[in-house]
Amino acid sequence: MKGNALQILLVEDSAGDARLLREMFRTETPGSFVLTHVDRMSDAIGHLSKTHVDIVLLDMGLPDGHGLETVRRAHAAAPDVPLVVLTGMDDELVAAEAMKEGAQDYLIKGQIENRALPRALRYAIERHRMQAETDLLRGQQMQLKDEFLSHVSHELRSPLTAIYQFVSIILDGLAGELNVQQREYLEVILRNSRQLKSMIDDLLEVSRIQVGKSGLELQLTCIQDLVVDTVATLQETAALKGITLSSDIAPNLSSAYADPTRIRQILIILIDNAIKFTPASGTVQVHVRTSERDPQFLLLEVVDSGRGIPAGMTEHIFERLYQAPDADKGGRKGLGLGLHICKALVMRQGGQVWATSELGKGATLSLTLPIFSIANLIAPALKGATDAETSIALIVTEMGSQSGWLSKGLEIESSREVRDVLASCMHSDLDVLLPKMGPASGTEFFFIVAVTGDIGREAITRRIRERLEAAEKLKQSGLIFTVSCRLLPAHKHDQEPSEEYVNRLAMKIQDQVDQNLRQKVATHE
Amino acid sequence: MSNKKILIVEDDADVRKGMHLRLQANNYDTFFAVDAVSGVAEARKHKPDLILLDLGLPGGDGFKVMEWLAANPYLAVIPVVVVSARTGNANRLKAKKAGAKAFLEKPVENDELLAVVRKTLGEAPKPGKALVHDLGDL
């Protein structure tokens, strides 16, 4: 019967509690459960890697693991095995949090009835199985849809290419002289095929966003530059319609934590849209400043003097396939995907989008983007490290080439590889790999804030060296790497680290980062 | 000086003809292939100065063609420019690794096509026309 028996792994350091729990299986049919008991997280992870387990029963306070971190580690060690958390009576809130980390259920010690335990475990297993099945099905459906959209948009591109080519061949006089009217009509065809192309692009973008394929590369981003560039790019389009396009950027603006390519895309959608709905001699303005409501965010507004959005519609304009009901007679409707794409992109970068308007007096489309802050990035890690004898280490990896300068393509590609290697070297989820901090040039720096203490730090530095040297793709690139480590004085703390402490540490890290980047500029000037 | 020779490997007849008309008008001689195998065969026969290569081809895709070209020292030196409806960075990177000099997305504008062809052939850009695409961006 052992083949059908449920394999339970109990991770519990209290011998008394373990005995009590074991008792609860006594009344079950012999052979229906097999209970394996370990009292350390490390043993549990070892067991999970070797043996099939149907369910893990996990105490959240272990000698080598504490609180949610325990749940995260157990879940990471065996993501396909359902997990039920055991907790003390005063820890119910934490236990509820554990569900978000991947636990199926929690049981409160001292409140478990004899018969309830086996039943709870069976339910947990069943629920987990159904969830996995649903996820799989949904994944398959999404993939099918994605493949379909990508196929369709691919197939639509070929005939469009031919239309493009031949229209422009005739327009350029390669097939003989054209009269004014012929030229005018051909330009209509050309304009419309361009529109078709942008619709196909939108379609593909939406399908990418939906499957989460639209990768974001969050980094230190200067919003000011992006706004200035985009406004300059669209100046001509605005002028053609007789619209004044301008920007107004607050001084001393912090950088955002965002993906510059995506921000440019968002700006183009918003400004283009504003131009479309504003009549001749109107204005479109782009404002950027720190959000008054939350100084941790930048506020970006695109204000137009157009006809505005009807009352009650301001929320709907971001919906997929939304069309302005009375869109310009002259102008052509799009697919209704632009603002939808825009909203999805902003939200995935941690911001918000909304619209305000008074009919006839124009509309304002606003969005927020998180300000870049090292403190925000490292705070969660420091909170998780409260009971460690922590000293914080800043590990700096520098990537350069023998000739001094990297070609752009090689640099972007290799940066990505290096980031992957670094991410795989990090110790649990406490260490933080900081995003790209400076403009790319001859060398590139990568910074890891290691919160896992001295042993972790040395292990990480060694591991980074070894893995970078071993990475096949980097070997061929001819790049040079240096790995160094700086200890940052950090005091031990018994409770949650204070905001002030996190900020102070963040400033020290920022200092070190700045020093490295300055050095880089100095060596290349 | 005789005209430079360009081989167009493209299975869509209309797109093929469109490219031909445009290139011919700019004093290039064009040759054609409609699938992967004939792509390599035509390259062997005509020794073109440049190959414009579609990725979605019958009988092995454009990556296969680049692989076959690379295996032959005489053909490996011919610069390849990919012209494809396949989008996305993954395809760009893959094409670059396979040896492509540039990647053009369909539908491609004529100015862009010509600018990239000229740059790849090491010719000066046509006066008055901006070079639309920096090949380094690939």
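Author: Start with two words: helices (H or I, at least four residues) and strands (E, at least two) are DSSP runs, numbered from the N terminus. The model is a predicted one, where local features need pLDDT of at least 70, side-chain atom pairs need pLDDT 80 or more, and totals for chains, interfaces and linings use all residues. Residues count from 1 along each chain as its sequence is written, while chains are lettered from A and ligands numbered from 1 in the order written.

Reader: In which element of chain A is A:V396 found?

Author: Look at residues 392–401 of chain A. They form a strand, and A:V396 belongs to it. The element is strand 15.

Reader: Why does A:V396 count as neither buried nor exposed?

Author: Count the other C-beta atoms, placed from the backbone, within 10 Å: 20 or more means buried, 12 or fewer means exposed, and anything in between is partly exposed. A:V396 has 18 of them, so it is partly exposed.

Reader: Which helix gives the largest share of the side of chain A that touches chain B?

Author: On this side, 18 residues of chain A meet 19 residues of chain B. Three helices of chain A each supply at least two residues: helix 5 (116–171), helix 6 (180–210) and helix 11 (408–425). Eleven residues, the largest share, come from helix 5 of chain A.

Reader: Now chain B. In what order do its elements run?

Author: Chain B holds five helices and five strands. Of its 138 residues, 39% are buried. Take contacts in chain B between residues at least 6 apart in sequence: 54% join residues at least 24 apart. From the N terminus on, the order is β-α-β-α-β-α-β-α-β-α.

Reader: How wide an arc do the buried residues of helix 3 of chain B cover?

Author: Helix 3 spans residues 62–71 of chain B, and its buried residues are B:G62, B:F63, B:V65, B:M66 and B:L69. The arc is taken from the directions between the helix axis and the C-beta atoms. These residues lie on the same side of helix 3 of chain B, because their arc is only 155°.

Reader: What covers those buried residues of helix 3 of chain B?

Author: Both strands and helices of chain B take part. The strands include strand 1 (4–9), strand 3 (50–53) and strand 4 (80–84). The helices include helix 2 (36–46) and helix 4 (89–97).

Reader: Which residues of strand 3 of chain B point the other way from B:L50 and B:L52?

Author: In a regular strand the side chains alternate between the two faces of the sheet. In strand 3 of chain B, B:L50 and B:L52 point one way, and all four residues named here are buried. Pointing the other way are B:I51 and B:L53.

Reader: How many bridges join strand 3 of chain B to strand 4 of chain B?

Author: Strands pair when DSSP finds at least two bridges between them. Strand 1 and strand 3 of chain B run parallel with four bridges, and B:I8 stands opposite B:L52. B:I51 of chain B faces B:V80 in strand 4. Strand 3 and strand 4 of chain B are also parallel, and their bridges number three.

Key:
Contact = placed C-beta atoms within 7 Å.
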